[in-house]
Amino acid sequence: MEHNTAAARDESRQPTAHDLEVLSRQLGRPVRDVVEIPARCVCGNPLVAATAPRLSNGTPFPTTFYLTHPVITSAVSRLEAAGVMNDMNLQAGRRFQPRRCLPFRA
Ligand SMILES: [Zn+2]
């Protein structure tokens, strides 16, 4: 049962020709070098596209994941406009501070 769930999940991540059409419509340009659909809407359309670190022509492509569905891109835009990114950058900076060493105890 668990195997079937994992297989279904892997299969749903494989971009189909229909996904690529939907992605191109969502982004308003032909998509290329999409390697995976990491997240989907409940209707099955892609929410997020994953791209290889280099495009097929060798051009570096630094954005691995990008939002594609208009509903999620506008929701994230509203969050960004409200300054959420500043808070998240602050939290990430705090989280990745090196921890102080604990006192040595023999
Ligand atoms: Zn949908």
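This is a predicted model: local features need pLDDT of at least 70, side-chain atom pairs count only at pLDDT 80 or more; totals for chains, interfaces and linings use all residues.

Me: Why is V22 called buried?

Reply: A residue is buried if 20 or more other C-beta atoms lie within 10 Å of its own. V22 has 20 within 10 Å, so V22 is buried.

Me: What makes the largest nonpolar core a core?

Reply: A nonpolar core is a set of buried residues of listed types, Val, Leu, Ile and Ala among them, joined through C-beta atoms within 7 Å. The largest has 5 residues: V22, L23, V31, I37 and A49. I37 is in contact with A49, and also with R13, P15, D19 and P46, leaving aside neighbours within four places in sequence.

Me: How much of the protein chain counts as buried?

Reply: Of its 106 residues, 9% count as buried.

Me: How do you know that strand 1 and strand 2 pair?

Reply: Pairing takes at least two bridges between two strands. Strand 1 (residues 34–40) and strand 2 (residues 46–51) have 4 bridges, in the antiparallel sense. Because 4 meets that cut-off, the two strands pair. In one of the bridges, V34 has T51 of strand 2 as its partner. The hairpin of these strands has 5 residues between them, and G44 there takes a positive phi near 100 degrees.

Me: How do you know that strand 2 is joined to strand 3 as well?

Reply: The cut-off is again at least two bridges. Strand 2 and strand 3 have 3 bridges and run antiparallel. The partner of A50 in strand 3 is F65. V48 stands opposite L67 in strand 3.

Me: What makes strand 1 and strand 3 edge strands?

Reply: The open sheet has 3 strands in the order 1-2-3, with antiparallel pairing. Strand 1 and strand 3 (65–67) each have a single partner strand, so one side of each is left without a neighbour in the sheet. Neighbouring strands of this sheet are turned by 30 degrees against each other on average, direction ignored.

Me: Where does helix 2 lie relative to the strands?

Reply: Helix 2 lies across strand 1 and strand 2. Helix 2 runs at about 100 degrees to strand 2.

Me: Why is helix 4 said to lie largely in the open?

Reply: Burial takes 20 or more other C-beta atoms within 10 Å. Of the 12 residues of helix 4, the number buried is 0, so helix 4 lies largely in the open. Helix 4 covers residues 84–95 and reaches 16 Å from its first C-alpha to its last, close to the 16 Å expected.

Me: What about helix 3: how many of its 12 residues are buried?

Reply: The number is 0, so helix 3 lies largely in the open. Helix 3 covers residues 70–81 and reaches 16 Å, close to the expected 16 Å. Just after helix 3, G83 takes a positive phi of about 85 degrees.

Me: What pattern does the protein chain follow along the sequence?

Reply: The pattern is α-α-β-β-β-α-α. That is 4 helices and 3 strands. Among contacts between residues at least 6 apart in sequence, 21% join residues at least 24 apart.

Me: Which elements have the lowest and the highest mean pLDDT?

Reply: Helix 1 (residues 2–13) has the lowest, 71, and helix 2 the highest, 96. For the protein chain the mean is 86, and 85% of its residues reach 70 or more.

Terms used:
Residues are numbered from 1 along each chain as its sequence is written. The expected span of a helix is 1.5 Å times one less than its number of residues. Two residues are in contact if their C-beta atoms, placed from the backbone, lie within 7 Å. Axes are lines fitted to C-alpha atoms, for helices over the stretch in contact, and angles run from 0 to 180 degrees between N-to-C directions. pLDDT is the predictor's confidence in each residue, from 0 to 100.
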